[in-house]
Every structure is written in C-alpha cells, then in structure tokens.
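Here are my notes on cavities and aromatic contacts. Please read them with the structure open.

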Amino acid sequence: MGDFVHFTRVHYAHCKQYVPELERDVRDMFNPKKNAGLEFTDIQPFVAYRDGKVVGRIAGIINHHANKKWNRNYVRFSLIEFIDDREVSKGLLDAVAQWGREKGMDRIQGPMGITDFDKEGMLVEDFDLTGSVTAIYNYDYYPRHLEALGFEKEADWLQVRVDVPQEIPAKYQRVARYAREQVGLTVKKVTNDEIRGGYGKKIFHLLNAAYSPLFGYTELSEGQIDDFVKQYISLVDKQLIPLVENGKGELVGVAITMMSMVEAFQKSGGRLWPTGWWHLLSGLKWNKADHAEMLLIAVRPDYQGLGVNALFFEDLIPIYNKYGIKWAETGPQLEDNMRELNQWRPLNPKTVKRRRCYTKKI
C-alpha cells in the first residue's frame with residue numbers, strides 16, 4: 001500500500017499542473033473503518049513493478065448498489081496511474097478485468113470511484129491547465145493508451161470557467177426576484193453547529209434526490225453521508241455555501257463552493273506531516289486565491305426551473321467580489337446535461353478540461 005500511495009510523488013514530481021490528493025485519504029479509501037461505502041463495495045488495489053521499481057497502480061471497484069440500480073455487471077477502475085508503456089497500462093487494466101470476471105462482471109468502466117463524489121473521468125483535453133482539488137489530472141498519453149487497448153467512450157464531463165462580474169447580470173436579478181416573490185424561496189447560510197445538527201444530512205439527502213437520474217450515480221448511504229459531513233462540509237467557509245429553502249422551511253437547493261485550495265495542496269505534496277497540515281490550514285483560514293471552485297449545485301427536482309440557481313448567483317457574486325475572487329471553475333458536469341450547462345450563459349462561460357469515462361467488454 002505504501003508503494004500504491006507514494007507512486008504519484010515520483011510520477012508527477014516535475015508536473016506543475018498536478019494537484020496531489022492527501023495520501024491519508026487514499027489509504028482511507030481501502031479501510032472499512034474509514035469508508036462506509038465499503039459496506040456495499042468490493043475493492044482491490046494493484047501495483048505494477050518492473051525490476052523492483054513501481055511503474056503503475058490501479059484499483060478495481062465493484063459497487064453492488066450501482067450495479068443493481070443500473071442493472072449492470074460492471075467492474076470499475078479507479079486511481080489509475082502508469083508510465084508511458086503499453087505493457088504497463090495493459091497489465092493494470094487486465095488485472096482489474098480478470099478480478100472482475102472472477103466475481104461475475106462482464107464489463108469494465110472508468111475511471112470511476114465508489115461514489116459520484118470521488119474523482120472520476122480521465123482528462124482528455126487541456127493538459128496544460130492546472131488541475132483542481134476535486135478532479136483527476138493525468139498526462140496526455142493516458143487516453144491514447146486506453147483507446148489503443150480497445151476502450152470506448154461511455155460518457156464525457158466538462159468543466160466551466162467564468163469570470164466573476166462586478167455586477168449581478170440583469171437576468172439573474174430578474175429571475176431571483178421571481179423566485180423570492182412568486183415562489184417564496186429564501187437564501188439561508190448555516191453555521192457548523194447547524195451542519196452538525198441536521199443541515200449536513202439535509203444537504204446530502206437533497207444531493208441524492210437531485211443527482212439520482214445522472215450517469216453512474218448511486219444514492220449515498222447514511223454512513224457515507226455521516227463521513228462526508230464530518231470530513232468536508234464543516235471545513236468550508238459557510239458564506240460560500242448558499243442554501244435555498246421554500247416557505248415551509250424545506251431545503252430545495254444547495255451550492256457548495258470554496259476558495260481554490262490548489263496551491264495549498266501542491267505545497268503539502270499530499271502529506272500532512274511534517275508541514276503539510278500548515279499549508280492546508282493556511283489555505284482554509286487565510287486563503288488569498290484569486291479563483292473559486294464551484295464544487296456542485298443541486299436543486300430538488302420539483303423546484304428545478306423556478307429560479308433557485310439565480311438565487312445562488314445573486315448571493316455569491318457580491319461575496320466573490322468581496323473576497324477578491326476574479327474567476328470560478330465548476331466541477332465536472334455531464335456534457336449532455338444541458339440544463340446544468342445552460343445556466344452559465346449570462347456569465348459568458350468557457351468549457352475546459354473535458355474528461356471521459358471509458359468502457360470495454362471483458
């Protein structure tokens with residue numbers, strides 16, 4: 001496991017675009033005491049060696065909940081990294097395929113994690129752009145290897161970059177006014193105590209409802225929700241997380257955004273000790289980044305199209321300006337989710353960092 005975790009240190013040592021994951025988080029992914037998703041998931045890491053030297057790694061994942069929901073027998077591959085050698089990439093993917101076949105699977109797909117909130121989708125464009133904390137970065141030869149090995153596109157995601165305007169666009173103002181006056185919606189900010197007191201669970205229950213129809217999504221279990229609330233939500237600046245409630249006090253929308261932590265993660269090298277913790281703490285408490293990561297937006301299905309997104313933008317744009325945020329980048333969004341992609345039009349969006357889920361019969 002040490003070789004599995006540490007391989008990226010050497011592999012991306014001279015790559016200025018790469019943003020490391022915390023090595024502790026990679027280890028915890030395989031630990032049933034730290035990862036509630038393993039209650040319904042089989043997982044198997046593999047490491048490739050040549051002459052005693054690590055040359056690649058991969059993890060095989062069988063998400064039984066996802067397979068049941070989508071009526072498939074898929075084995076996923078995740079955390080794939082390899083040197084530019086076809087023998088290595090083939091060996092890694094063959095290992096996962098063989099492991100999957102032994103467990104009754106008939107198709108392989110990836111990169112996909114256990115949940116939709118894990119990093120997914122191999123980067124296939126814009127390798128010169130710096131990565132993000134929540135999305136995969138890989139070298140440009142990765143997709144060429146997959147395609148040469150017979151893998152085909154199953155789904156693509158796009159990220160969207162927008163410049164933060166000084167004034168709220170008129171369309172957002174108009175639609176937000178409608179949402180407040182005609183639909184009865186209000187924006188709410190919560191504290192860490194409120195997150196722990198129930199709003200954290202509400203947020204992830206909303207995500208389950210909003211994302212359920214999307215490609216590959218499986219609803220988070222209560223154990224997984226507890227993990228996410230404990231590990232992540234309490235750390236983010238709550239001013240950057242607008243919630244929208246209806247007149248009954250029901251949560252109908254959430255936008256989770258944060259100041260970019262790219263520089264802090266790069267300085268940490270993926271390690272908390274001896275000094276990584278300080279870089280990460282500094283990034284959280286005294287962040288001076290000029291851009292934000294818009295991690296996710298979710299709206300309850302029966303409130304989609306009623307102005308919830310406009311309320312998010314009306315709330316966030318003044319705060320971004322106050323914080324000195326000049327531009328923002330979304331997380332990966334499915335290329336065929338036109339409702340999601342079209343919401344950015346008033347901000348003159350630019351699509352970047354296309355990434356792909358590949359698949360192949362095994």
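1. Start with the lining of the largest cavity. Helix α3 gives the most to this lining, with three residues. The model is predicted, so please keep that in mind throughout, because local features need pLDDT of at least 70. 

2. The largest cavity holds about 80 Å³ of space. Its lining consists of Asn 63, Ala 66, Asn 67, Trp 70, Arg 72, Tyr 74, Arg 76, Gln 109, Phe 215 and Gly 216. Two elements give two or more residues each: α3 (64–70) and β3 (74–82). By class, this lining has four nonpolar, four polar and two charged residues.

3. How many cavities of 30 Å³ or more are there? The count is four.

4. The second largest cavity has a volume of about 70 Å³. Its lining divides into 11 nonpolar, no polar and no charged residues. Among them are Val 162, Val 164, Pro 165, Met 294, Trp 344 and Leu 347. Helix α11 (residues 308–323) gives the most here, with four residues.

5. Now the rings. The model has 19 aromatic pairs. In one of them, Phe 117 and Tyr 217 have ring centres 6.1 Å apart and planes at 85°, so the pair is edge-to-face. Phe 117 lies in the loop between β4 (107–110) and β5 (122–123). Tyr 217 lies in the loop between α7 (192–211) and α8 (222–231). The pair therefore ties together parts that are 100 residues apart in sequence.

6. Tyr 217 has 0% relative accessibility, so Tyr 217 counts as buried.

7. Phe 204 and Phe 228 form a stacked pair, with 5.5 Å centre to centre and 20° between the planes. Phe 204 sits in helix α7 and Phe 228 in helix α8, 24 residues apart. Phe 204 is buried, with a relative accessible area of 4%. Phe 228 is buried too, at 15%. The cut-off for buried is under 20%.

8. Look also at the aromatic cluster. Tyr 12, Tyr 18, Phe 82, Tyr 137, Tyr 139, Tyr 141 and Tyr 142 form one cluster.

9. The charged end of Lys 202 sits over the ring of Tyr 199, 4.4 Å from the ring centre.

Notes
Residues numbered from 1 in each chain as written. Predicted model: local features only at pLDDT ≥ 70, side-chain atom pairs only at ≥ 80, totals over all residues. Heavy atoms only, no water. 1 Å grid on protein atoms, 1.4 Å probe; cavity = no way out; pocket = protein on both sides within 12 Å on 5 of 7 lines; lining within 4 Å. Points joined across faces, edges and corners; volume = space filled by probe spheres on them. Nonpolar A, V, L, I, M, F, W, Y, C, P; charged D, E, K, R; others polar. Phe/Tyr/Trp six-rings, centres within 6.5 Å; stacked < 30°, edge-to-face > 60°. Buried < 20%, exposed > 50% of the residue type's maximum accessible area, 1.4 Å probe, protein only. Lys NZ or Arg CZ within 6 Å of the ring centre and 35° of its normal.
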